[in-house]
Amino acid sequence: MKKAKTAKAGKQPLQLLLVGGSERDFASLRGLLAGANDRQVHLQYAPSTEDAGNQLEKGRYDLLLCGRESTDFAAFQLLRQMRQHGSRVPVIFLGDRADKAVIEAAIAAGVRQPLSRSDPREPGKERTSISTLNAPFAERQQLESEETLRKLSRAVEQSADTVIIMNRAGVMEYVNPAFETLTGYPRHELIGQTLAMLNSEQEGLELYLEMWNTVRSGNVFRGIVMNRKKNGETLIIEKALTPLRDGSGAITHFIATGRDITERRKLESDLQQAQKMDAIGRLAGGVAHDFNNLLLVISAYAELMLDSLAGEDPLRRNVGEIMTASRRAADLTRQLLAFGRKQMQALQVLDVNAVVGEITGMLPRLIGEDILLVFVPGQDLGKVKADPIQIEQVVMNLAANARDAMPGGGTLTIETSAMQVDESYVQRHPIVPPGDYVVLTVTDSGQGIAANHLPHIFEPFYTTKEAGKGTGLGLATVYGIVKQNAGFVWVYSELGLGTTFKVYLPRVEAVSSEARVAKPAEPCPGGGETLLLVEDEASVRRASGQFLARSGYVVLEATDGEDALRVSREHPGPVHLMITDVVMPRMGGPRLAERLAEERLDMKVLFVSGYAESTVLNHGKIDVATRFLQKPFSLNDLARKVREVLEAREAVALTAASRLAAPFGG
């Protein structure tokens, strides 16, 4: 034991010099060297190669350690200085993961290695021994590299995006499982083939040529490409094609990554279509207002002329044709308003079975005797909140469309059912919110609709019929009404297999309410009341005023709201009813009514407008059911509405008076 201690004590301390690195590295390395060998170790520090040269001139070192952050140039400088000083000190270049075991092995290897004075292949040139990190560290690095490769392989195999590796000729050498799943091709059918097998006839050859020219010139191609599945379906792929280079920079392979955006493109197309339809609807609503005023003038003066002609006058027939044409034009404007979701509504809580059941009695006269009509009412439908006249319009237009699709006869089936839209349905039709719906289904056995026409059938004036056989507003009207009632309409059709329209209307809780029943009013005689007619369109004002005056009324005319205030204040007598346009310059009808209500407490008000419902309601609280008349209207309609408003208000007043008198009467 004493000999061992003496031998250990007799060993000279190892002199080590750390070249490069930082003070922190120096402190860390000194801690590692403490007890790292059976001999005492002295470690000194030289921040740079110049400092190392100075240290070598002053003393002797058993081993030089070159810091891990040293550059190749710094290492070259160190070796050159050692040659200049004739030093044969071993040099160890430290790696990133040097620990105590590595340091021990490095020191042992460095101090044991014999150093030759010269390289036998280059006589006279001194060779310096350079040791790298020992075998355990190299093995650890290899294991880490292998693990990284395994992670990379799993990432590519499990990627949701497609990955393809091709050689310079574009032949596929590898495809990941995502590519197999997306295209429907198994891997063995793809390997050895080119991407051309996926080309779609819907994509021009120019794009494919551009793609390959781009990558073969060494650049990355990014773009949207249409491909074809094995079953023939079209895929829309967001693709990136990248050239892969070897160590010399030569292109050896191509890597293609792709993401399926087919569904996203479909949703974008649906949104664009909805925005286009909405824009057309707004345009239709604006056009309808101006057109309504023109029609009102035409029909009003035609009625005035008809009243002035004798019963046997041959001109009555000509005037009758003018009135018929104006009514047909008025129907077109109503269809435009319906398409634009602007039609005035009288909302009620409805039983769809009752509404459809009533109209099916009239449908045979519309569709003809050669078409079999089948109505299948559903059970426990619930109620919807809608205008019954609009629901009738929907059924009538869909039935007329079915009739035109079955010129040789066929079957028209109308069904109703209840449906709960769940999340799975919403995923297929994202525009439809989940909830409870009443579904109206109209199916015909006709010719069907070609696929290229389906995206356009709800557009106004779009028709596949011959010129003069359709306005192209029937299905547009259906679309507008359904959208106005917060519903949705889908069409399913194939050539030769017929067509099915499905209308989804939100179901509401049934409430106890008495639906208004429109009773046809008999032609009413005129009266002697005083009317204030407020209309900014001069031609409409003159025609309406002339007719009302001929009906016995005293008519005061005003051009807008401000003018009406002046006329009212200058008139000393009572004003029984004000007939006012809703939208006018300077002051609109609702604001005018509020101002005059403070001055004429007993005055009644009737609003008229050719604008769409949303515009009318935005101008104030208006009772569209009892105190509103939509332009264009006939003069007889105006006369009846005037009497209705006047007498309804009088009836209310008389009822109130009778209730007050009851306690005092017998």
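**Notebook entries**

I began with Ala558, whose place is in strand S19 (residues 554–558). Strands here are DSSP runs (E, at least two residues) and helices likewise (H or I, at least four), numbered from the N terminus. I noted that this is a predicted model, in which local features need pLDDT of at least 70, side-chain atom pairs count only at pLDDT 80 or more, and totals for chains, interfaces and linings use all residues. Residues are numbered from 1 along each chain as its sequence is written, and side-chain values use heavy atoms, with hydrogens and water left out.

I looked up the accessibility of Ala558: the relative accessible area is 1%, so Ala558 is buried. Buried means under 20% relative accessible area, exposed over 50%, and partly exposed in between (1.4 Å probe, protein chains only). Leaving aside neighbours within four places in sequence, I found Ala558 in contact (heavy atoms within 4.5 Å) with Leu532, Leu533, Val534, Glu535, Arg541, Asp563, Ala564 and Val567. Between Ala558 and Thr580 I have 22 residues in sequence and 9.2 Å in space, C-alpha to C-alpha.

**Helix pair**

Ala564 came up again in helix H18, where Gly561, Ala564, Leu565, Ser568 and Arg569 meet Leu592, Arg595, Leu596 and Glu599 of H19. I sorted the residues of this contact into four nonpolar, two polar and three charged. Nonpolar covers Ala, Val, Leu, Ile, Met, Phe, Trp, Tyr, Cys and Pro; charged covers Asp, Glu, Lys and Arg; the others, Gly among them, are polar.

How do the axes of H18 and H19 cross? The axes of H18 (residues 561–570) and H19 (residues 589–599) come within 10 Å and cross at roughly 15°. Axes are lines fitted to C-alpha atoms, for helices over the stretch in contact, and angles run from 0 to 180 degrees between N-to-C directions.

**Cores**

The largest nonpolar core has 36 residues, of which Val394, Leu398, Leu412, Leu440, Phe458 and Val503 touch the most other members. A nonpolar core is a set of buried Ala, Val, Leu, Ile, Met, Phe, Trp, Tyr and Cys residues joined through side-chain atoms within 4.5 Å. Helix H14 (residues 388–405) gives the most to this core, with six residues.

**Positive phi**

Asp380, not a glycine, has a positive phi near 50°. I placed Asp380 in the loop between strands S12 (371–376) and S13 (383–386), exposed at 70% relative accessibility.
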